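How do the helices of this chain pack, and where do its charged side chains pair? Please look at the structure before reading on.

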Amino acid sequence: MSRPRVDVVVLTMNDRPAEEAAAQATLLAQSGVDVRVVVVGNGCKPELVPPGALTVFLPENIGIPGGRNAGADALHEAGDPADWLYFLDNDARFPRPDVLARLVAEAEQHPEAAWVQPRLTGPDDVTTPRRWVPRLRAANPGRPGRVTSMTEGVVLIRRAAFDAVGGWEDQLFLYHEGFDLAWRLYAAGWSGWYAAGIRMHHPLTTPARHALYHRLAARNRIWIAYRNLPAPFIPLYLGAWTVITLARAVRGGGLRQTLRGMREGWTTRRTQPRRPMNRRTVYRLTAAGRPPVI
């Protein structure tokens, strides 16, 4: 039997050379699969490129989802695209050489799943912040199961499903693009699977380290709600997240930027195309443990 083929997209800004070199080394050490890699320079020419890898030079930073789409497009245009796409943060590492092969095997066991999510931990192989667990009940990160969101920087996605829904939404630029893609995949009849027994490593960073975090996270919540939710669910979803977001901002800082992002999201919401999910999708999301109001 031929080995599974996986196309891997690595996005870079040449800003963490040591971490990126380690990430690429563990990627190239993957066994049991045939890997093709593209390194996308988001506003830069990639400096670290594995032998034989494709490269994409984007003259300006078009955002993380746009950069990932550029990588996926380049792999498709190179011909004979693989059945699987893996999106890899350039500071994430494969702790074992069989991670990709095991993820593909999990996906084959769950043909209804458009994406398979490994468990993301810190370098200690144990610590998993709640925000990295792709479900509401995050107390036990070692429990596998169906999920409705994804950790975007370490995820295996079926190429056919990814292409059918149009890939990542590049207008979001940064933050919550995984929720948007997951909802569109559910609306297309797919689901997601959390393979908690398969680990990936990532530095224990916080998204608030980025200057744009508070504004874009608040704006994008409104945009993805307007894009994807039936009209009666929009105020419920945004009401719940307004309370949660403001409480977090008051405790952790960033209140002014959060309010700015909320205002921006609301005043520009009609620039986003409306593709509201149907009742069946709402039911499936609810049955999978995350009704689209939280």
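The model is predicted.

On the H5 side, the contact is made by Phe179, Asp180, Trp183 and Arg184. Their partners in H6 are Arg221, Ile224, Ala225, Arg227 and Asn228. Sorted by class, the residues of this contact are four nonpolar, one polar and four charged.

The second pair is helix H7, residues 233-252, with helix H8, residues 255-267. Here the axes are 9 Å apart and the packing angle is about 155°. Since angles over 145 degrees count as roughly antiparallel, H7 and H8 are therefore roughly antiparallel to each other. H7 brings Leu238, Thr242, Thr245, Leu246, Ala249 and Val250 to the contact. From H8 come Leu255, Thr258, Leu259, Met262 and Trp266. The contact of H7 with H8 has eight nonpolar and three polar residues, and no charged ones.

Next come the charged pairs. Side chains of opposite charge can pair when their charged atoms come close. The model has 14 salt bridges. One of them joins the side chains of aspartate 89 and arginine 68, with 3.5 Å from N to O.

The last stop is the second largest pocket, which holds about 170 Å³ of space. It is lined by 13 residues, and those closest to the centre of the pocket are Arg135, Arg137, Arg143, Ala288 and Gly289. The lining as a whole consists of five nonpolar, three polar and five charged residues.

Conventions:
Residues are numbered from 1 along each chain as its sequence is written. This is a predicted model: local features need pLDDT of at least 70, side-chain atom pairs count only at pLDDT 80 or more; totals for chains, interfaces and linings use all residues. Side-chain values use heavy atoms; hydrogens and water are left out. Contact means heavy atoms within 4.5 Å. Helices (H or I, at least four residues) and strands (E, at least two) are DSSP runs, numbered from the N terminus. Ala, Val, Leu, Ile, Met, Phe, Trp, Tyr, Cys and Pro count as nonpolar, Asp, Glu, Lys and Arg as charged, and the others, Gly among them, as polar. On a 1 Å grid over the protein atoms alone, a cavity is a set of points where a 1.4 Å probe fits but cannot get out, and a pocket is an open set with protein on both sides within 12 Å along at least five of seven lines; lining residues have an atom within 4 Å of a point. Grid points are joined across faces, edges and corners, and a volume is the space filled by probe spheres set on the points. A salt bridge is a side-chain nitrogen of Lys or Arg within 4 Å of a carboxyl oxygen of Asp or Glu. Axes are lines fitted to C-alpha atoms, for helices over the stretch in contact, and angles run from 0 to 180 degrees between N-to-C directions. Angles under 35 degrees count as roughly parallel, over 145 as roughly antiparallel, 65 to 115 as roughly perpendicular and the rest as oblique.
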